[in-house]
Amino acid sequence: MNKKYRINSGILFVFILILSFLTACKGSKKAPDEEIQVPMPEDNTAILQDIKQAEKIFNALPSPLESAMLIKSAGARFDEALLNPVTNVNTYVTSKSMALNLGVYTCDLSFASLYEQTQLLIDYMNAAKKMADGLGILKAIEQEDIDRLEENINNSEVIMDIVSQTFMNSNSYLEDNGQPATAAMVLVGGWVEGLYISTQLVDMKELNTNKLVGRIIDQKLSIDILLNLLDSSKGNPAVDELIIEVAKLKNVFDKIKINTSPVRPEFDPASNTTVLKSEVKTDMTPEVFLELSAVVAEIRNSFVK
Amino acid sequence: MRLLKTISLIALFVFALNSYADAQCKAFARKECLPELATYTHDGNYHAAVLIEGEEAELYKTFYSDMEYRVAILGESSLPAIEFKIMDINKNVLYSNKDNKYASTWDFKLESSQQLKLVIKVSSFNQPGDTPASGCVAIMFGFKLKK
């Protein structure tokens, strides 16, 4: 009996050892002399076939910084009243509310940073830090980041760099520590906040002329990515609740028409950049815009309440 | 009892090893991939995974007409060349780095906003019988306002 256990644990050890070497970051090609030889079949096609089945899929939503940049580039004004007040920070005690509001506050601080709202920027960075700390995200936003912000308060490039870095610290920590559902909720919070601010900044009188309307319509292109992102964490009760909310948003986006001509890539040697040429026709009625604004506001307000 | 202790120790070892690999992946993305964005502002998103020789990954993202973008895709030196293709929603290939000496970056801008698909493939050393090489592959996006 003991012998059998010893054999089983030996097999288990070899299996885990193989697994460890397959998943470890450093490959073995560079130093063949140091390789630990793991017996492999002569033809590893079947193994590679299995690996292919486990291919990785990334669903990339616009980051809060990108969302804020889109609002600014459309020529929208800054309105502090649209942001989630930092005084709400102590009301978020569940993982779900902290994750969503980490995204919300990161979007708000990106928005404040692009409009050079210096004091607000620091307040919102502190609010985001509180959310990240509450989620147990180590070293996402450190006091030295906030000090660096204060020292470079008039240097927009450094500020954007700090905002981008702190956001990456949070989502990489969550991904690397087996919390993709929380990482997804952070992204959803940021995306919904960007959409909320955008819709609130549109005056119905200028629905046909405001450039921001085009950016709002563009978000239809991300709604399936968002649902796929949430679907990958399906079964998590907080994510399941969000899927229901986002499905309401998809129903409204489905009423917006976007027709794009085939994309033609053209390389511009002068700028060393490829231009993806295409024409687009969109159609969104005022009624659909109002419905979209109302659904977005309902969802966003449920996040920040 | 001894078996339980052995399994616990091995599990701890594997967990520590994977955490180390993930941390290494993050360090690789930050140290090697991020600088490739150069003058573009990193969007703050993190996409990286440990991939094995021959393995494919896909990424879906919306790109906006107001921006200029740079995508940077890098694999650790332990891996063979990383191929990547950018496709539109109709699966038309708009760019392949294989036709550009496996360049690690691509700069582009759009006349109208599009959802694009990136297909990333770790090519193969083509050495049957060898343990497939594995390593971190990082994908990062930078943007700036269109001039």
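Guide: Two residues are in contact if their C-beta atoms, placed from the backbone, lie within 7 Å. Helices (H or I, at least four residues) and strands (E, at least two) are DSSP runs, numbered from the N terminus. This is a predicted model, in which local features need pLDDT of at least 70 and side-chain atom pairs count only at pLDDT 80 or more, while totals for chains, interfaces and linings use all residues. Residues are numbered from 1 along each chain as its sequence is written, and chains are lettered from A and ligands numbered from 1 in the order in which they are written.

Visitor: OK. Which helices and strands does chain A have, in numbers?

Guide: Chain A has twelve helices and five strands. Of its 305 residues, 39% are buried. A residue is buried if 20 or more other C-beta atoms lie within 10 Å of its own, exposed if 12 or fewer, and partly exposed in between, with C-beta atoms placed from the backbone.

Visitor: And chain B, how many helices and strands?

Guide: Chain B has one helix and nine strands. The order from the N terminus is α-β-β-β-β-β-β-β-β-β. Buried residues are 48% of the 147 in chain B.

Visitor: Now the core. How many residues are in the largest nonpolar core?

Guide: The largest nonpolar core has 118 residues, and those with the most contacts inside it are Ala128(A) and Ala138(B). Helix α8 (residues 180-200) of chain A gives the most to this core, with twelve residues. A nonpolar core here is a set of buried Ala, Val, Leu, Ile, Met, Phe, Trp, Tyr and Cys residues joined through C-beta atoms within 7 Å.

Visitor: What does Ala138(B) touch?

Guide: Residues up to four places away in sequence aside, Ala138(B) touches Phe28(B), Ala29(B), Cys33(B), Ala48(B) and Leu74(B).

Visitor: Back to α8(A). How does α4(A) cross it?

Guide: The axes of α4(A) and α8(A) come within 7 Å and cross at roughly 45°. Axes are lines fitted to C-alpha atoms, for helices over the stretch in contact, and angles run from 0 to 180 degrees between N-to-C directions. The two helices are therefore oblique to each other. Angles under 35 degrees count as roughly parallel, over 145 as roughly antiparallel, 65 to 115 as roughly perpendicular and the rest as oblique.

Visitor: Left-handed or right-handed?

Guide: The crossing of α4(A) and α8(A) is right-handed. A crossing is left-handed if the near helix is turned anticlockwise from the far one by less than a right angle, and right-handed if clockwise.

Visitor: Which residues meet there?

Guide: From α4(A) they include Ala99(A), Leu100(A), Gly103(A), Cys107(A) and Phe111(A). Those from α8(A) include Met185(A), Val186(A), Gly189(A), Gly190(A) and Ile197(A).

Visitor: Is α4(A) itself mostly covered or mostly open?

Guide: α4(A) is mostly covered, with 18 of its 20 residues buried. Its end C-alpha atoms are 28 Å apart, which agrees with the 28 Å that 20 residues should span at 1.5 Å a residue. The expected span is 1.5 Å times one less than the number of residues.

Visitor: What follows α4(A)?

Guide: Glu116(A) follows α4(A), and its phi is positive, near 55°. Glu116(A) lies in the loop between α4 (95-114) and α5 (118-134) of chain A. Most residues other than glycine have a negative phi. Glu116(A) counts as partly exposed because it has 13 C-beta neighbours inside 10 Å.

Visitor: Which residue of chain B has a positive phi although it is not a glycine?

Guide: Tyr102(B) has a positive phi of about 55°. Tyr102(B) is in the loop between β6 (93-96) and β7 (105-110) of chain B. With 16 C-beta neighbours inside 10 Å, Tyr102(B) is partly exposed.

Visitor: One more helix pair. How does α8(A) pass α12(A)?

Guide: α8(A) passes α12(A) in a left-handed crossing. Their axes come within 9 Å and cross at roughly 135°, and the two are therefore oblique to each other. Among the residues that meet, α8(A) supplies Val192(A) and Tyr196(A), and α12(A) supplies Val296(A) and Phe303(A).

Visitor: And Ile216(A), buried or exposed?

Guide: Ile216(A) is buried, with 25 other C-beta atoms within 10 Å. Ile216(A) lies in helix α9 (residues 211-218) of chain A. Neighbours within four places in sequence aside, its contacts are Leu195(A), Ser198(A) and Thr199(A).
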